Amino acid sequence: MDQMKKEPVCEEKEMGMEENGVESLKKLIKGHILSTLAKDPTRASKYDVYNAVAYAIRDDLIKRWIKTQDTYYNMDAKRVYYLSLEFLTGRTLGNSLINMGLFEKCYQALHELGHDLEEIREIEWDAGLGNGGLGRLAACFLDSLATLEIPSYGYGIHYEYGIFHQRIEGGAQVEIPDNWLRYGNPWEFVRPEYLYPVQFYGKVNQITTQDGVLKNEWVDTEDVMAVACDTPVPGYMNNHVINMRLWAARSTEEFDLKFFNEGEYIQAVENKMMSESISKVLYPSDHMEEGRELRLKQQYFFVAATLQDILRRFTKLRIDFDNFPKKIAIHLNDTHPALAIPEFMRILVDNEGVDWDKAWQVTMDTFAYTNHTLLPEALEKWPVSLLGRLLPRHLQIIYEINHRFLQQVARSSPGDLEKIGRVSLIEEGEEKMVRMAHLAIIGSHSVNGVSQLHSDLLQTNVFKDFHEIFPGRFNNKTNGITPRRWLKKCNPGLADLITKQIGEGWVTNLDELKKLIPLAGEPDFLTDWRAAKQKNKERLSQFIQKRNGIEVHTGSMFDVQVKRMHEYKRQLLNVLHVVTLYNRIKADPGKNFTPRTVIFGGKAAPGYWMAKLIIKLINSVADTINNDKDVGNRLKVVFLANYRVSMAEKIIPAADLSEQISTAGMEASGTGNMKFALNGAMTIGTLDGANIEIGEEVGDENIFIFGLKAQEVVELKERGYRPRDYYDENPELQKALNMIAYGYFSPFDPSLFQPIVDSLLEHGDTFMLLADYGSYIECQERVSAAFQDQAHWTKMSILNTASMGKFSSDRTIKQYAEEIWGAKQVHVE
């Protein structure tokens, strides 16, 4: 057990951070160990110290948080409600310390108490309440909302189990439940006073009131309670602290006393267990009917509770819904919260007695929607039968919305039945489906994409009909990342070097980084820049040695692709390059090759068989290459298991090359590309998503672009894409695929990876890997040549960082606030 230095214990936990002295912080930490954790400070473990530090910082957060809420009410400010099924926040301690200006004081306080802040931070469990970019974007947005002092709240689900913990066993992914709350969460407040009923199932009765008005009543429902769990989110160096409110499901009854008294103990608590399963796990498998139903329940559960909470707050000051959009902006982060639209209509029409037309106008003026995908299969749809059984009144409302909308379309496009079918909320077929993206578009006053290419493709392709119907509704808001976490926190060496040269204004105004441009030609600055990168590479190499038992050469190029595993992201194309490099080294061992360490990381959805097979292939290729003495340090391959936010904070600062190689026209934006470039990594990528805008900012000479453009992908498919032609014409490609197909990397199961090759040669190569292979290999040769000139490479690295001002989430949120929400800054004294 770790021993804390013996010093007098302070019992005054209520001492604030205003004094901010190291001594007062030490007293607060020891006070919480004694009074909150009921431990002897001299015998506190590292975990006890972590909790005590969190409670000490939280004390100050609470004061700012309450003051922020009071200011909202006093100023009657318009509020923004950001609804997201995912918030991939990662760890909270380090971010809170930085935003509150307490990092150095906490470091010193813990040092004097005999502890290392970095060790204490490592104890915190990542809050993995998201699957990837969608949830991480939402977390970045909360940081920017608080920093920009926009009155706002984040709403989501309090998953008991987040995104699964990934293990690699025998080279294959194994999913383990991520019990992130196993040891509690000191940053969270459970609010049992904010408890709302959420209805499911039942039936709809139509009655006529005494006034002769036809009214719908949703009755005989099964109810679940939603309880609020709050986490304060501080802005950077201000007093503004916003709230992330996540809903946990609770049963309306702890157990059925009748069954309990009869000895049926399992049945007595069965309803409680079924009710609380709603917030049990992030993204239950939807391959079975029960999983699909649970997903739909989750979506309605969180929007129903959220709208009740919004209305509770709104009606404290007024009851007139005419002013609702003037005081409330509700933003849908993708289609997962789209049921909020019919739910709000139900509340207004059925509960509040608002006329349909007025209620619909209020709804449209209140809601805005961000689309995050161009993949047709990712556009969410729900079976009419399931939605009607689970939410019968909402299906009626959706049909009424659709009826009125299609009448409008018929008037503007008379006789165009095909268009009516394309834009209908209901997709006809063997099983009728409700198109959630269509519902979100129709029910919102603003629809935005997340990169310029993505937004253009939404308007000219995916939602072309809707753009014609609502020409002013679609717009672009290119994604961004918070520089507080993704440079200042994760890369302190580089951040300190930048601040030393240009001041610290860049932390809240990322355009300030342009001041680095003149320094890119100064030899001393280039030396310091390389030293910062080298230190990060050494730290990552130690992590890899500890986690994977692989010794990597820190002088090699760290070539990194870490992201969710999906075929369109084309980790397989990266593997083909690795195999090609391996073959070249084997063919000419004496040649001077640019050494590379190729680092992969990412999780495949549990039911995504092909993505999981690619993970197995990566690890099999790694085993072969890393144990080949002919290769040595010239090529290493590493797959880092259980990729998550805290791991990204170790990997990204150390990367030399960022792989952003999705099929053009398929990545909406990407934010990993921004994080890597902000930390000085070169990008190799297609003209897809935000890569295009990054290229525009850094200049063609400071980015490595290859492959087909989005329109060329479409044209090639229309002409008739023949992937086997590329295989036949390229000997290196042929050899790499044959090695994979015929067991070179799986000698004990030679046909193991045959399905991967079949997907390319026999099943159409959906994501155009073979069409882009030649261009990719040629581009990688240019990368290798450039890396050998370290002075020039470092200059390009500096210019990448210097050009990232556009990609701050502060810029994105300012655009949302000004152009969509109409929300103003509220300063908290």
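Which side chains does a polar contact of 2.9 Å join? The legends below take up this question and then turn to a pair of helices.

This is a predicted model in which local features need pLDDT of at least 70 and side-chain atom pairs count only at pLDDT 80 or more, while totals for chains, interfaces and linings use all residues. Residues are numbered from 1 along each chain as its sequence is written, and side-chain values use heavy atoms, with hydrogens and water left out.

**View 1. Lys586 and its partners.** The side chains of Lys586 and Asp628 are joined by a polar contact of 2.9 Å, a term for a pair of N or O atoms within 3.5 Å where, within protein, one must be able to donate a hydrogen and the other to accept it, and where residues adjacent in sequence count only if both atoms are side-chain atoms. Leaving aside neighbours within four places in sequence, Lys586 is in contact (heavy atoms within 4.5 Å) with Asp628 and Asp630.

**View 2. The crossing of α23 and α30.** The axes of helix α23 (residues 609–626) and helix α30 (residues 754–761) come within 9 Å and cross at roughly 120°; axes are lines fitted to C-alpha atoms, for helices over the stretch in contact, with angles from 0 to 180 degrees between N-to-C directions. Helices here are DSSP runs (H or I, at least four residues), numbered from the N terminus.

**View 3. Where α23 meets α30.** Trp609, Met610, Leu613, Ile614 and Leu617 in α23 meet Pro755, Ile756 and Ser759 in α30.

How values were computed. Helix = DSSP H or I, 4+ residues; strand = E, 2+ residues; numbered from the N terminus.
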